[in-house]
Amino acid sequence: MDTDVPGTVLKRERTRDAVLELIESRSPGDAIPSERALCSLLGVSRPTVRAAVDELVAAGLLVREHGRGMFVAPAKITQELVAGDRSLTVPQAAGAWSSRLLEFTTLQAGARVGRKLRMSPAAEIVYVARLRLVDGAPMAIEHLHIRAELVPGLSAQELESGDLYEHLRATHGVHVHEAVQAIEPTVVTRAEAKLLDVPELSPALLFERLTSDTSGHPVEYVHSLYRGDRYRIVSRLALGPAAEFPPDREGHHPGIPPGDFAHGDAITSSTRGDIQAGA
């Protein structure tokens, strides 16, 4: 793991990914190294490791046992709600959406992100952390990992204003088509709470998405944290034939940046249900 990459957000992100890599290489109930051992292994400070571990404990991926150590949590139970076809309609959230860039750099993908994007761990990605705001209020933190060879010259301005997928299509010739997205509940850490202007350990929704282009090649891996007090999940099951309605073209997709998906392309989700913004 690189220890000299700049930025506290990126350092937390890389530490989290490294611990996740350890978790995913083990079975439920297996021990992982202590926080002190992880500091030495990853070359980061104790607070950075503790923040990553706290987040993974809160997400239900690690279990702390007093006097014994840390262990891989039992596997989660996944329930799929399946509609009548493979497509997912996503109602858009109201409000004026904007972004504030937290981190923007190019670095090696690493083992976990490289595996998700089907690329070498040594290959380069563009890593972006940005705060999403609606009507000026912070609503979400997004961590984007984009294959660097697809977006030469990608600028900070493209990431702070307008429609990201529109920029990818118009400027870089990248046409996103399908996304596999998982959604689960979590809580915010102290650092995330400060950015989102909510109390520490407030409920949140974790969106994890892998986006592919029209040829089926991975384009980006994203995980986003949305304020739990502002969003809810609604699943619409196809129990019989229904009339077709024209899509609403305005607004923002919770968890999904506006773009090709808003123009009618299919989205495949682990919930196979609709995502809807709450009040």
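A: Rings of Phe, Tyr and Trp (for Trp, the six-membered ring) form a pair if their centres lie within 6.5 Å; planes under 30 degrees apart are called stacked, those over 60 edge-to-face, and the rest tilted. The model is predicted, so local features need pLDDT of at least 70 and side-chain atom pairs count only at pLDDT 80 or more, whereas totals for chains, interfaces and linings use all residues. Residues are numbered from 1 along each chain as its sequence is written, and side-chain values use heavy atoms, with hydrogens and water left out.

By this rule there is one aromatic pair. It joins phenylalanine 207 and tyrosine 226, whose ring centres are 5.0 Å apart and whose planes stand at 65°, so the pair is edge-to-face. Phenylalanine 207 belongs to strand 8 and tyrosine 226 to strand 9 (residues 218-227), so the pair ties together parts that are 19 residues apart in sequence. Strands here are DSSP runs of E with at least two residues, and helices are runs of H or I with at least four, numbered from the N terminus. Phenylalanine 207 has a relative accessible area of 1% and is buried (buried means under 20%, exposed over 50%, and partly exposed in between, with a 1.4 Å probe and protein chains only). Tyrosine 226 is buried too, with a relative accessible area of 0%.

Strand 8 spans residues 203-213, and serine 202 lies in the loop between helix 7 (190-196) and this strand. Serine 202 has 13% relative accessibility and therefore counts as buried. If its neighbours within four places in sequence are set aside, serine 202 is in contact (heavy atoms within 4.5 Å) with Thr186, Val187 and Val188.

Glycine 136 sits between strand 5 (124-134) and strand 6 (137-147), and at 56% relative accessibility glycine 136 counts as exposed.

The wider setting can now be described. The chain comes to seven helices and 12 strands. Of its 279 residues, 46% count as buried. Among the contacts in the chain with a separation of 6 or more, 66% are made by residues 24 or more positions apart.

Some of the helices also meet. The axes of helix 1 (residues 8-24) and helix 2 come within 12 Å and cross at roughly 115°. Helix 1 and helix 2 are therefore roughly perpendicular to each other. Their contact involves Thr15, Ala18, Val19 and Leu22 of helix 1, together with Leu38, Leu41 and Leu42 of helix 2. Helix 2 (residues 35-42) and helix 3 (residues 46-58) have axes that come within 9 Å and likewise cross at roughly 115°, which makes helix 2 roughly perpendicular to helix 3. In this second contact, helix 2 contributes Glu35, Arg36, Leu38 and Cys39, while helix 3 contributes Arg46, Val49, Arg50 and Val53. Axes are lines fitted to C-alpha atoms over the stretch in contact, with angles from 0 to 180 degrees between N-to-C directions; under 35 degrees counts as roughly parallel, over 145 as roughly antiparallel, 65 to 115 as roughly perpendicular, and the rest as oblique.
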